[in-house]
Amino acid sequence: MGVAVMKLRNPPVNSLSLECLTEFTISLEKLENDKSIRGVILTSECPGIFSAGLDLLEMYGRNPAHYAEYWKNVQELWLRLYTSNMILVSAINGASPAGGCLLALCCDYRVMADNPKYTIGLNESLLGIVAPFWFKDMYVNTIGHREAERALQLGTLFSPAEALKVGVVDEVVPEDQVHSKARSVMTKWLAIPDHSRQLTKNMMRKATADNLIKQREADIQNFTSFISKDSIQKSLHMYLEKLKQKKG
Ligand SMILES: CC/C=C\C/C=C\C/C=C\C=C\CC(=O)SCCNC(=O)CCNC(=O)[C@H](O)C(C)(C)COP(=O)(O)OP(=O)(O)OC[C@H]1O[C@@H](n2cnc3c(N)ncnc32)[C@H](O)[C@@H]1OP(=O)(O)O
């Protein structure tokens, strides 16, 4: 039926390393150029994890040129996903913090597994960093200004039930039904003529995408100088240590 399934596979936690981001963007571009493909189901092959978001090791202890290169690729993936002409449905089969949530938010419809261990949200403030304006814009577009304001400040990671209530996801289903539900949602969306759906999607999303496009270079510079600060590097160090200690 012209539907591709993209499975994120970067063990152990599907963090979005530079290599992973680049491969993702290229795969997406190929699908976009394949006229037989009308829809993509985005899911994960890592058990219990949709995506741990941006790779913290790409943002910690590197040089400014690396940060700039990394951020350019984060922007590129976001622009491609958010403005895709294809129907994107995410089958969220695990934890989905920060950049993981961002991937899901780019989709046209989000189905999440009903497992309270899985959480989703933009938790950047918990790491001592700030979600960029275009993450924020997409959050506001999805859940409204007040909910986004609160969730961004608190770095809220929502359980599936909470995510459904606030509108971060569209549907929560038993874990073993995530994929079948994503497929049935896709079938419904495929019934809409592509041209009218695509024009409508473009009308809804263009202003948000253009907002980044017109200041991409400045955004890269902001990110690079922000992430290079000693205080921010210190926060990231502490967060990485906390992740390590969780194990021991
Ligand atoms: C003024 C403003 C201007 C500009 C904007 C500025 C800044 C914006 C900057 C950045 C925005 C970033 C968005 C992001 O996506 S940041 C990433 C946020 N991600 C997280 O907080 C998730 C952290 N991870 C977890 O919570 C958990 O790992 C988990 C729930 C995903 C999985 O838990 P598990 O118990 O199954 O696994 P762990 O033992 O915790 O982890 C295994 C292994 O993986 C490492 N790891 C986890 N997450 C990441 C990651 N995101 N990047 C890199 N590595 C990660 C973890 O440390 C473990 O490593 P070791 O095995 O100990 O080596």
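**A strand covered on both faces**

Modeller: Happy to! Strand S8 is covered on both faces: Tyr109, Val111 and Ala113 are buried on one side, and Arg110 and Met112 are buried on the other. Buried here has a cut-off: 20 or more other C-beta atoms lie within 10 Å of the residue's own, with exposed meaning 12 or fewer, partly exposed the range in between, and C-beta atoms placed from the backbone. Strand S8 spans residues 109-113, and five of its five residues are buried. Strands are DSSP runs of E with at least two residues, helices are runs of H or I with at least four, and both are numbered from the N terminus.

A word on the source: this is a predicted model, in which local features need pLDDT of at least 70, side-chain atom pairs count only at pLDDT 80 or more, and totals for chains, interfaces and linings use all residues. Residues are numbered from 1 along each chain as its sequence is written.

Now the partners. Strand S6 (residues 87-92) runs parallel to S8, joined by four bridges, and strand S10 (residues 171-173) is also parallel to S8, with three bridges. Strands count as paired if DSSP finds at least two bridges between them.

Leaving aside neighbours within four places in sequence, Ile92 is in contact with Phe50, Ala104, Arg110, Val111, Met112, Ala113, Ile120 and Val169. Contact means C-beta atoms, placed from the backbone, within 7 Å of each other. The largest nonpolar core has 64 residues, and those touching the most other members are Leu88, Val89, Ile92, Cys106, Val111 and Ile120. Helix H2 (residues 64-82) gives the most to this core, with eight residues. Such a core is a set of buried Ala, Val, Leu, Ile, Met, Phe, Trp, Tyr and Cys residues joined through C-beta atoms within 7 Å.

Finally, the setting. The protein has ten helices and ten strands, and buried residues make up 39% of its 248 residues. Of the contacts between residues at least 6 apart in sequence, 79% join residues at least 24 apart. The C-alpha trace spans about 50 × 40 × 35 Å along its principal axes.

Methods: Two residues are in contact if their C-beta atoms, placed from the backbone, lie within 7 Å.
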